[in-house]
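This report describes the fold of one chain and then the surroundings of a single residue within it.

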Amino acid sequence: MNKDIPARADVMIAGGGFAGLALAIALRQGLGDAFTVVVADPALDHPIADARSSAIAAAARRLFSALGVWDEVVSHAQPILDMVISDSKLEDVVRPTFLTFAGEVAPGEPFAHMVENGRLLAALHGRAAADGIVLASDAVARFATGPDRVAVTLAGGASVETRLLVAADGARSALREQAGIGTVGWSYGQSAIVTTVAHERDHRGRAVEHFLPAGPFAILPLTGRRSSIVWTETTAEATRILALDDAGFHHELERRFGLSLGELSAVGRRGAFPLGLKVARSFIAERFALLGDAAHMIHPIAGQGLNLGLRDVAALAEAMVDAARLGLDCGGATVLERYQQWRRFDTLSMGLATDGINRLFSNRSDVLRLARDIGLGMVERLPALKELFIHEAAGITGEVPRLLKGEAL
Amino acid sequence: MTTSPPAAAPTIDAGELERFSQLADEWWNPRGKMAPLHKFNPVRLAYIRDAACRQFGRDARRIDSLRDLRILDIGCGGGILSEPLGRLGAQVVGADPAEANVVAARRHAAEQGVSVDYRATTAEALEAAGERFDIVLAMEVVEHVADVPLFISCCAAMVAPGGLMIAATLNRTFKSFALAIVGAEYVLGWLPRGTHQWDKFVTPGELRRAIEPTGLKVSDEAGVVYDLLADRWQLSGDIDVNYMLTAERMR
């Protein structure tokens with residue numbers, strides 16, 4: 001896989017996750033074969049091991065359609081047809097429903113789909129390879145930035161000169177650190193337990209979010225009679241639950257899941273991920289851009305982490321493609337500033353909104369509980385506000401990049 | 001490379017020449033004195049590219065949309081316009097009477113790996129040498145020349161049959177005085193004071209009258225306005241201040 005790494009590339013993307021691959025495809029499709037794109041990630045030649053699932057908001061789904069990736073995924077994608085939110089204590093037998101969303105952003109277009117990460121990554125890999133993107137299963141070891149290009153050295157020894165280095169290497173981005181870009185944020189002391197379960201009865205495309213005292217417990221529908229679980233606990237409790245034997249884990253799961261969908265059986269591996277809010281102090285440096293989780297990590301309470309990353313992709317791809325088609329330097333300061341201007345406000349507002357929701361709900365106070373139930377009850381009764389929530393969750397408010405509208409670049 | 005004695009050329013104003021030579025090293029700093037021109041660059045590049053793609057049947061989405069078109073950029077300065085056109089595949093001749101500009105432009109293009117033929121020369125000298133181009137550009141230069149009709153006829157003579165001349169300049173209106181002189185030079189400080197002399201601004205009517213006798217036919221006229229909220233320049237029907245004009249030589 002590594003024999004054809006070019007000595008010069010128009011853009012080098014470190015990280016072959018959703019954001020990195022989607023950017024590579026968008027640039028290649030927008031600018032054609034003469035535009036060289038290299039994606040470097042040591043995991044590229046390993047089998048895809050991500051057991052998680054993701055909620056793909058309508059805007060992100062439009063982007064995947066525009067990139068020609070959605071067709072490969074659609075048969076594995078479960079539309080979320082409605083969403084139910086309840087607020088209750090763990091021991092409550094009946095969990096009153098406070099908010100329901102019947103979710104379509106346009107007739108026939110659900111506001112989100114659930115897709116297993118592995119399916120989506122496989123489709124992105126396939127598209128990237130077919131589009132002639134250079135996929136190097138290697139890590140970026142270091143880089144040196146000059147005024148006109150970046151000299152990138154891969155761990156395997158190859159060196160590539162590029163106009164722009166994009167760090168899409170995840171929340172603990174090593175390149176972000178090398179670039180000297182700090183982050184602001186905090187840990188919630190919580191972790192999300194994730195797993196996949198099968199159940200007796202059909203979920204009918206319904207997503208359920210129980211706001212339990214320890215944090216949200218989300219049941220997200222997958223294809224077949226399966227659901228993806230995102231289950232928030234304090235990190236200590238999550239560690240304890242994860243270490244339980246199968247019977248013990250099943251018991252804890254069932255206490256929270258309830259029996260509305262019949263008998264449960266575990267079908268996927270379990271894992272836990274620490275939760276925090278982290279936003280890079282800057283998204284850009286000279287000939288350097290942060291993308292996706294490398295730029296921001298937010299609370300998964302609203303299922304927006306992946307979607308924020310894809311909004312980064314749409315904005316950076318559009319800024320670069322517009323510039324390159326004018327013969328302008330697509331890794332230059334003007335392009336990067338446009339990207340940062342486009343993304344930072346949106347990221348901060350989404351980060352703070354999810355933070356606020358989490359603080360409001362991860363709390364045992366009965367007073368707060370009463371307040372938030374009144375709040376949710378009001379949202380339920382105000383159709384316009386609800387509409388706004390749905391559109392915001394679907395990622396189609398504000399100045400929208402072309403890809404998020406489903407238009408080709 | 002040709003180095004003609006610039007002061008001797010009839011359309012060059014000696015005072016103007018000195019001013020731009022001082023700016024040569026500032027050309028490529030997007031946050032420096034030339035920041036307004038860098039901001040303005042995308043809208044004029046898009047106008048030129050789109051006019052060229054229509055005229056020559058090219059696909060504006062390609063990164064080599066101008067491949068092998070021969071383009072003359074008169075008053076190329078540090079190459080802010082020439083270099084992107086070269087990157088799109090055009091064979092660009094960038095002409096500027098100030099040697100310092102040409103040197104700065106040449107150095108930058110070499111660093112960027114873009115091929116542009118920069119020459120310290122004038123439109124008159126090129127025309128006298130019988131040069132012909134698919135596109136002749138007079139962007140933000142008309143308002144700096146001493147004799148507009150003479151300059152335009154010289155530019156037009158170099159347009160090959162089926163080719164284009166594109167000019168961008170400032171209209172001479174009360175609004176342009178308020179915005180381009182008082183606003184841009186004095187209030188906002190976007191441009192060094194003395195960059196423009198309002199009485200040398202050219203109305204679209206004057207420009208059309210200068211083009212008419214050359215045999216070229218004006219095929220498009222567009223205003224350019226600054227969108228404060230978006231912080232970018234955009235095409236508009238408003239030609240009171242900045243405007244661009246395309247003229248075509250029939251085959």
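## Chain B as a whole

Of the contacts in chain B (heavy atoms within 4.5 Å) between residues at least 6 apart in sequence, 68% link residues at least 24 apart. The model is predicted: local features need pLDDT of at least 70, side-chain atom pairs count only at pLDDT 80 or more, and totals for chains, interfaces and linings use all residues. Residues are numbered from 1 along each chain as its sequence is written, chains are lettered from A and ligands numbered from 1 in the order in which they are written, and side-chain values use heavy atoms, with hydrogens and water left out.

The C-alpha trace spans about 45 × 35 × 35 Å along its principal axes. Buried residues (under 20% relative accessible area, 1.4 Å probe, protein chains only) account for 54% of the 251 residues in chain B.

## The setting of B:Thr169

B:Thr169 lies in strand E5 of chain B, which covers residues 159–170. This residue counts as buried because its relative accessibility is 2%.

The side chains of B:Thr169 and B:Glu143 are joined by a polar contact of 2.7 Å. Leaving aside residues up to four places away in sequence, B:Thr169 also touches residues including B:Val142, B:Val202, B:Leu207 and B:Tyr243.

Methods: Helices (H or I, at least four residues) and strands (E, at least two) are DSSP runs, numbered from the N terminus. Buried means under 20% relative accessible area, exposed over 50%, partly exposed in between (1.4 Å probe, protein chains only). A polar contact is a pair of N or O atoms within 3.5 Å; within protein, one must be able to donate a hydrogen and the other to accept it, and residues adjacent in sequence count only if both atoms are side-chain atoms.
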